[in-house]
Amino acid sequence: MADDKADGNPAEEVQVPIIEENERKQAEVPPKKNIIPGKFFQVKRISGLLSVVSFVFSLPVLSSVIWLLYMKSYDCEWLFKLPSLQIGISIGLICVFFICNAALFLRARMQMVGIVVVMVPLTVMFTIGLAFLGANSMENRRIPATPLWFEMKIHDNELWSNIKECIYDTGVCRDLALTSAKLKSYDFSMKKLSSVESGCCRPPADCPLQYVNATFWEKNDQMQTDSDTYNPDCDLWKNDRDALCYDCLTCRQGYMKALRSKWLKLGVFLVCMALLLISSHLSLFLVTMWELHIS
């Protein structure tokens, strides 16, 4: 009996440390993540929806390329070398379209690389759009088709000499004279004129001149003008159809206004699309990281 007790005690003493060791190892094993199926599928659904939204937002970018390539250049625009700028922007927008959609396919494998690669061209696109709108007044003088760049070109007399010859060759004022030949003074004043017709084909409205026809105006001595506000363009007006108001500042400003309108619209488009794409891709990146965290 004493021998049996002596033999049993060591076995119990060996078994107890083994059990304690197993319990300690089990305690060290990290608990498995409690994944809620409903929550996972909800995040998956949001991720898929944002992918579709990002793709849809990229489609107008591709459409704008077609618009830029097939849009007719404004009269004499080639003198500013702006058609080549249109082609350059079109190529850039094609690159933006492919980069944005490539990032959608690679987002699950390379999240950080994808978001950085897609943000770089979108930031450039946003900056160029702001420049076209004239938001960056310190730098946009160097960028073609921006407001300060156009302002600088207005005062280039050598360039303007070529532009006014080109405007004359297009027959803008000649066509206005033909279409307005039978109009009386009041009817002509109510006629909607383009900025080029208003600035180059007729004298400024504040000049002491009386309407005869669209391109012929007589001096009206009965009109009184204030010497402090006298418009110097009034002295530059000539009834000669080869001269008219082509040397007037109003003609330069009218032509630049017509030319700028297209680039202002492009600037608005670039800014809006860049903001939409940046928002959608950032949201998609955050949802993707959330999806990887709970999976």
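Buried, as the word is used here, means a relative accessible area under 20%. In this predicted model, Phe80 has a relative accessibility of 6% and therefore counts as buried, and Phe150, at 1% relative accessibility, counts as buried as well.

Eleven aromatic pairs are present in the structure. Because Phe80 belongs to the loop between α2 (37–70) and α3 (82–106), whereas Phe150 belongs to helix α5 (residues 147–154), the pair ties together parts that are 70 residues apart in sequence. Another edge-to-face pair consists of Phe132 and Trp263, with 5.6 Å from centre to centre and 65 degrees between the planes. This pair links distant parts of the chain, with Phe132 in helix α4 (residues 111–133) and Trp263 in helix α11 (residues 249–294), 131 residues apart; both Phe132 and Trp263 are buried. Ring pairs also join Phe80 and Phe150 with Trp149, Trp160 and Tyr255 into a cluster.

Five disulfides are found in a search of the whole structure. In one of these, the sulfur atoms of Cys173 and Cys201 lie 1.9 Å apart, and the link is left-handed, with -80 degrees about the S-S bond. It connects distant parts of the chain, since Cys173 is placed in helix α7 (residues 172–179) and Cys201 in the loop between α9 (195–200) and β1 (209–213), 28 residues apart. Cys173 is buried at a relative accessible area of 4%, and Cys201 is buried at 0%.

A further disulfide joins Cys200 to Cys251, with an S to S distance of 1.8 Å; the torsion about its S-S bond is about 90 degrees, so this disulfide is right-handed. As Cys200 lies in helix α9 and Cys251 in helix α11, the pair ties together parts that are 51 residues apart in sequence. The relative accessible area is 0% for Cys200, which is buried, and 0% for Cys251, which is likewise buried.

Cys245 and Cys248 also form a disulfide, with their sulfur atoms 1.8 Å apart, and here the link is left-handed, with -90 degrees about the S-S bond. Both Cys245 and Cys248 are buried. When the bonded cysteines of the protein chain are numbered in sequence order, the pairing reads 1-2, 3-5, 4-10, 6-7, 8-9. With regard to accessibility elsewhere, Cys95 is partly exposed, with a relative accessible area of 41%, whereas Cys100 is buried, with a relative accessible area of 2%.

Terms used. Residues are numbered from 1 along each chain as its sequence is written. This is a predicted model: local features need pLDDT of at least 70, side-chain atom pairs count only at pLDDT 80 or more; totals for chains, interfaces and linings use all residues. Side-chain values use heavy atoms; hydrogens and water are left out. Rings of Phe, Tyr and Trp (its six-membered ring) pair if their centres lie within 6.5 Å; planes under 30 degrees apart count as stacked, over 60 as edge-to-face and the rest as tilted. Helices (H or I, at least four residues) and strands (E, at least two) are DSSP runs, numbered from the N terminus. Buried means under 20% relative accessible area, exposed over 50%, partly exposed in between (1.4 Å probe, protein chains only). A disulfide is a pair of cysteine sulfur atoms within 2.5 Å.
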